[in-house]
Amino acid sequence: MEFMDSSSLHRAGFVGILGAPNAGKSTLLNTFLGEKVAITSAKPQTTRHRILGVSTRPEAQAIFFDTPGVHRAKNLLGRELVAQALSVIGDADVLLLVVDAEHPSPEDDLVIEHLEGNETPVFLALNKIDRVSKPNLLPLIDGFNRRLPLAAIVPVSAKTGENTEILLKEIIGRLPEGPEYYPPDTLTDQPERFIAAEMIREQVFRRTGQEVPYATAVTVEAFKEEEGLIRISSVIHVERDSQKNIVIGKGGLKLKEIGTAARMDIERMTGTKVFLEMFVRVEKNWTRDPKALRRFGYVPE
Ligand SMILES: Nc1nc2c(ncn2[C@@H]2O[C@H](COP(=O)(O)OP(=O)(O)O)[C@@H](O)[C@H]2O)c(=O)[nH]1
Ligand SMILES: [Mg+2]
């Protein structure tokens, strides 16, 4: 016998993830999904796209938008990224503000300024609690409660997964009633080709220092699926010759390291053996060039 009660309502909706750079937004998205769709690194501004990740369970479908970190931008790329991030405010049914509880930042306040007067329910994820003792959370919770009307505050660790299931359930409870937007097995709207480019860029972020990550874009020129093998040809774009030398490294060692790590990630994602070819090309001052930003997909066509 079947019963209809309120608990059998199906919910579906869009959740905009917002926060300062490095708060753990992309890590949290990957933890919600149980798979890596968004790249992460210890450097701020790793994320450069609004990335959609879909979590489907029998009672609900939560569609997350991961976004670039909100910060005081210094160049055209930075301003485009912040604009992209803030644009989710109008597109989401629920907002999830992610804060690094170990290192709260003035940029948290920048996000809060943009949320003022906004009607969308806002959840606060106090992230990285694996690094903070519980008593130290209380003043933080107090401070955020005073600054912003919040649907709920949930201390979590995106890294260990602590409390993330509780947070996801709370969020689902505030999604509108309705049917699924995407087929249940959808993980992201991004093609593997795009995620592959991101996985290469992630390794550049993790394995080079100073300004190099911020001068790097990656494009995939060819992505060919053959019998039991994917052949990928990619270009790492940097702004100057000196950066090209750093990415290539002595005797090509750095590029080899980047390529091996990225290839293993892409093989894990696709479940297929990957042949990865990489070129490094200088594209002078692309972070300031609207045409290059469009070509690399950082601004809409
Ligand atoms: N200790 C700890 N580190 C975390 C946690 N969540 C994210 N990180 C780390 O924080 C850094 C930034 O994470 P990322 O997801 O790229 O942040 P985003 O810029 O907000 O997307 C990375 O080095 C992550 O491994 C967490 O819960 N605990
Ligand atoms: Mg990110």
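**Core.** The largest one has 74 residues. A nonpolar core here is a set of buried Ala, Val, Leu, Ile, Met, Phe, Trp, Tyr and Cys residues joined through C-beta atoms within 7 Å. Buried means that 20 or more other C-beta atoms lie within 10 Å of the residue's own, with C-beta atoms placed from the backbone; exposed means 12 or fewer, and partly exposed is in between. Val15, Ile17, Leu96, Leu97, Phe123, Ala125 and Ile200 have the most contacts inside this core. Helix 7 (residues 192-207) gives the most to the core, seven residues. Domain 1 (6-173) and domain 2 (192-295) each supply at least three residues to this core.

**Ground rules.** I noted that residues are numbered from 1 along each chain as its sequence is written, while chains are lettered from A and ligands numbered from 1 in the order in which they are written. Because the model is predicted, local features need pLDDT of at least 70 and side-chain atom pairs count only at pLDDT 80 or more, but totals for chains, interfaces and linings use all residues.

**Leu97.** I checked what Leu97 touches. Leaving out residues up to four places away in sequence, I found Leu18, Gly19, Val111, Val122 and Leu124. Contact means C-beta atoms, placed from the backbone, within 7 Å.

**Ligand 1.** I counted 21 residues around ligand 1. To count, a residue needs its C-beta atom, placed from the backbone, within 6 Å of the ligand. Gly24, Ser26, Thr27, Thr40 and Lys159 are the closest. Helix 1 (residues 25-33) brings the largest share of this shell, three residues. By class, I noted four nonpolar, twelve polar and five charged residues in the shell. Ala, Val, Leu, Ile, Met, Phe, Trp, Tyr, Cys and Pro count as nonpolar, Asp, Glu, Lys and Arg as charged, and the others, Gly among them, as polar.

**Domains.** The chain is divided into domain 1 (6-173) and domain 2 (192-295). These bounds come from an automatic or database domain assignment. I read 27 Å between the two centres, taken over C-alpha atoms. The contact takes ten residues from domain 1 and 13 residues from domain 2. On the side of domain 1 that touches domain 2, I noted four nonpolar, four polar and two charged residues.

**Whole chain.** I found ten helices and nine strands. Both are DSSP runs numbered from the N terminus: helices are H or I with at least four residues, strands E with at least two. Of the 301 residues, 39% count as buried.

Notes: Contact = placed C-beta atoms within 7 Å.
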